[in-house]
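Subject: Structure for you to look at

Hello,

Here is the structure I said I would pass on. Please open it first, then read the notes below it.

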Amino acid sequence: MTKIRVFNTLSRSLEVFETWSPGVATVYVCGPTVYDVAHLGHARTYVAFDAVIRFLEFMGYGVKYSRNITDVGHLRETGEDKMIQGAVRLRRHPMEVADKYMMEFFSDMNSLGIRRPDIQPRASMHIPDIIDAVEKLLDKGYAYRVDGSVYFDVSKVPDYGKLSKIRVEEMDVHRVEPDPRKRNPADFALWKESAPDYPLCWRTPWGYGFPGWHIECSVMSMKYLGEQIDIHGGGQDLIFPHHENEIAQSEALTGRKPFVRYWLHTGELTVGGKGMHKSLGNYLTIKEVLKNYSRSVVRAFILSAHYRTPLDYSEKAMEQAHENVSKVRNLLDDLALAEETAVRGNSNPEFRANVDKLMDEFINSMSNDFNTSNALASLYELVRLTNLHINRPDVGLEDLQQASTALRNMCRVLGLMEEEREKTQTQVYELLKILLDVRRELRRRGLYDLGDRIRKELGERGILVEDLKDREKVRIVR
Ligand code: AMP
Ligand code: ZN
């Protein structure tokens with residue numbers, strides 16, 4: 001079987017993918033901070049990991065996937081709390097803000113066809129677990145108190161900096177926590193004290209306050225996926241300090257190394273070559289983009305680049321993705337028609353061998369650090385090749401079925417063309433409604449035999465119609 005290789009940020013090299021438990025992959029991806037609507041940068045990161053999950057499943061892994069919701073403790077570099085900023089902007093309680101944007105985030109993820117993770121834990125619902133973890137770190141001597149705040153002492157971890165390659169001695173600037181009482185500028189907050197009436201605070205043995213951002217992901221990932229997991233992901237901006245600190249805390253808590261086997265990080269999505277900022281006017285929400293382009297087009301655009309490389313949004317790139325996706329859609333339609341008339345038994349061995357080769361190439365590309373860019377190239381080449389052969393007399397039904405299966409499998413792994421299926425389902429329901437209306441009218445006119453024929457033929461196709469007093473009850477059994 002093809003071996004999967006992944007680029008591990010920890011070793012900065014490609015490694016053969018092996019899971020702690022054979023056949024099962026545990027994956028944790030840092031979720032959004034829900035203080036505003038999700039943007040195309042979120043889409044980039046979560047579509048990329050969606051393709052990773054889908055491919056692992058395609059290769060036979062059982063995947064346990066968790067993506068959290070950050071609704072407390074995420075401070076900006078300036079020290080301001082993102083949730084509180086959202087609350088001030090909307091004049092609502094921060095938990096109302098979290099609820100609103102969490103639901104919108106879920107809906108955006110659905111619109112993009114991103115599979116729902118198995119577990120979506122919310123930080124604010126894990127405060128007792130977080131307090132336990134902080135107490136444990138205090139007991140073990142990895143953390144110290146400064147009044148009601150608790151800091152992690154990085155000098156207790158000799159390999160601190162191993163993920164980001166940052167050297168503690170070089171960290172002379174206080175980053176997010178400019179607390180002069182810290183022992184070392186690199187020390188980071190596990191818990192921050194607050195006034196008892198601060199909108200987001202909890203009572204602890206050491207006073208009122210709220211958790212630091214990093215501890216939530218250590219706690220939630222260990223709670224649901226175990227002390228050591230296979231893949232942990234997020235955008236490259238999370239390598240330092242978020243993931244560096246997660247490693248330090250988690251390994252200190254459990255005494256087990258490594259906390260994570262493979263660290264995967266996505267490159268930044270930029271617009272017009274610049275990071276998205278509301279002030280630059282280049283900020284694109286997922287909803288805005290989906291108004292102009294279908295889900296498959298957005299996904300094809302995002303997956304056109306390997307997940308680690310930066311990706312720049314432009315109308316031109318979107319038009320290109322649109323064109324490519326249209327070709328795939330047209331071919332799927334053409335194949336469905338051609339399969340109805342194709343001759344069974346005819347065969348073009350060269351075509352079949354080339355289809356197999358492209359499927360192998362697709363799997364090899366995905367196995368090579370989930371290279372969706374190359375995988376898409378194989379998919380588009382399969383479209384081109386099949387278009388050249390679809391009407392040839394020597395190409396038989398089995399040949400077309402083989403091409404169609406390969407194409408559908410590739411689409412399934414990349415999550416493309418799925419909205420077509422949903423659309424077809426809606427259309428089927430609409431047709432069914434028309435048929436039932438006509439049947440009702442036939443029965444009203446006394447043409448019971450025609451009405452019965454409709455019911456019988458639907459029944460033979462697994463759609464059972466039962467006549468109640470004033471309406472029909474419909475059940476689809478297969
Ligand atoms: P946030 O909501 O800012 O906490 O980010 C949630 C996730 O989305 C993190 O993994 C970020 O790295 C990722 N992310 C945010 N902005 C971008 C972007 N412009 N490009 C790629 N990933 C991003
Ligand atoms: Zn995280």
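**The ligand and its surroundings**

By class, the residues around ligand 1 split into 4 nonpolar, 10 polar and 2 charged. In this scheme Ala, Val, Leu, Ile, Met, Phe, Trp, Tyr, Cys and Pro are nonpolar, Asp, Glu, Lys and Arg are charged, and the others, Gly among them, are polar. This is a predicted model, in which local features need pLDDT of at least 70 and side-chain atom pairs count only at pLDDT 80 or more, while totals for chains, interfaces and linings use all residues. Residues are numbered from 1 along each chain as its sequence is written, chains are lettered from A and ligands numbered from 1 in the order in which they are written, and side-chain values use heavy atoms, with hydrogens and water left out.

The shell around ligand 1 holds 16 residues, and the closest are His 42, Thr 45, Gly 235, Asp 237 and Leu 269. A residue belongs to the shell if one of its heavy atoms lies within 4 Å of the ligand. The largest contribution, 4 residues, is from α1. Both α1 (40-58) and β10 (229-235) supply at least two residues; helices (H or I, at least four residues) and strands (E, at least two) are DSSP runs, numbered from the N terminus.

His 42 has a polar side-chain atom 2.8 Å from a ligand oxygen, and Gly 235 has a backbone N or O atom 3.0 Å from one. On its own, ligand 1 has 490 Å² of accessible area (Shrake-Rupley method, 1.4 Å probe), and the protein covers 89% of this.

**Domains**

An automatic or database assignment divides the protein chain into domain 1 (5-266), domain 2 (316-416) and domain 3 (420-476). Between domain 1 and domain 2, 12 residues of each are in contact, meaning heavy atoms within 4.5 Å. The area buried there is about 1,100 Å², with 72% from carbon and sulfur atoms; buried area is the accessible area (1.4 Å probe) that two parts lose on being put together, summed over both. Arg 54, Phe 55 and Phe 58 supply 49% of what domain 1 buries against domain 2, more than any other three residues.

**Backbone**

Most peptide bonds are trans, and most residues other than glycine have a negative phi. The bond from Phe 240 to Pro 241 is cis, with omega near 0 degrees, and Pro 241 lies in helix α6 (residues 239-254). Asp 147 has a positive phi, near 50 degrees.

Regards

Methods:
Polar contact = N/O pair within 3.5 Å; in protein donor to acceptor, adjacent residues only side chain to side chain.
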